[in-house]
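Please look over the model shown below before reading on.

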Amino acid sequence: MNTPDLLTWGLRLAGLGQLFVAAITFWLRRIVDWNADLAKLRPLNRCIVHTYGFYIQAINAVFGLICLLQPRELLAKTPLAADVTLLIAVYWLVRLTLGFIYYDTHEITTQRALYRLGEYFFECLFAAQVVALLAAFAYNVGWIID
């Protein structure tokens, strides 16, 4: 398998991962009892949090669709392809980093072993997406050759 084909499959798998994250978010909100916590906020603040949550979910889905359906265009070795792959890689790198240094998941992950495994799964998924997209970026800028 040549480099572009390998990178294409990496992007497709990253796209599926991003779509999975967007889809599973509804279930994750129930696990963390999101609505009960948001009910404590004033109406405007609750709307703002919902809006940001839906923006993030939509961005995850759109990035997923782009990676899944347009992997060849993301490997076109153009400045736009490099920019988009770097943007998506940085997006997931920030999410991965925040998961390690900012999110306190102890309250949830101690409830069930499955939740702890889920946390590890998501960290690995985010890391794999970062690797796939950084590899595509490196290919676009000529750091990886055919």
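In a crossing of which hand does helix 3 pass helix 4? The crossing of helix 3 past helix 4 is left-handed. The model is a predicted one, and the values that follow are computed from its atoms. The protein chain holds six helices and zero strands, and its elements, read from the N terminus on, follow the order α-α-α-α-α-α.

**Packing of helix 3 and helix 4**

- Two packed helices are described by the angle between their axes and by the distance between those axes.
- For helix 3, which covers residues 43–69, and helix 4, which covers residues 79–101, the axes come within 12 Å and cross at roughly 135°. That angle makes helix 3 oblique to helix 4, because only angles over 145 degrees would count as roughly antiparallel.
- On the side of helix 3, the residues that take part in the meeting are Ile56, Ile59, Asn60, Phe63 and Cys67, while helix 4 contributes Leu87, Ile88, Tyr91 and Trp92.

**The chain as a whole**

- The C-alpha trace of the protein chain spans about 55 × 35 × 25 Å along its principal axes.
- Of the 146 residues in the protein chain, 35% count as buried, and the accessible surface of the chain comes to about 9,200 Å², with 70% of that surface belonging to carbon and sulfur atoms.
- When contacts in the protein chain between residues at least 6 apart in sequence are considered, 80% of them join residues at least 24 apart.

**Val90 in helix 4**

- Val90 has its place in helix 4, and with a relative accessible area of 39% Val90 is partly exposed.
- Although Val90 and Leu133 are 43 residues apart along the chain, their C-alpha atoms are separated by 8.8 Å.

**Loop residues with positive phi**

- Most residues other than glycine have a negative phi, which is the background for the two residues that follow.
- Asp33, in the loop between helix 1 (3–31) and helix 2 (34–38), has a phi near 55°, a positive value in a residue other than glycine. With a relative accessible area of 46%, Asp33 is partly exposed.
- Lys77, in the loop between helix 3 and helix 4, has a phi near 60°, again a positive value in a residue other than glycine. Lys77 counts as partly exposed, at 42% relative accessibility.

Notes
Residues numbered from 1 in each chain as written. Predicted model: local features only at pLDDT ≥ 70, side-chain atom pairs only at ≥ 80, totals over all residues. Heavy atoms only, no water. Axes fitted to C-alpha atoms, helices over the stretch in contact; angles between N-to-C directions. Helix = DSSP H or I, 4+ residues; strand = E, 2+ residues; numbered from the N terminus. Parallel < 35°, antiparallel > 145°, perpendicular 65-115°, else oblique. Left-handed = near helix turned anticlockwise from the far one by under 90°. Contact = heavy atoms within 4.5 Å. Buried < 20%, exposed > 50% of the residue type's maximum accessible area, 1.4 Å probe, protein only. Areas by Shrake-Rupley, 256 points an atom, 1.4 Å probe, with all protein chains shown as cover.
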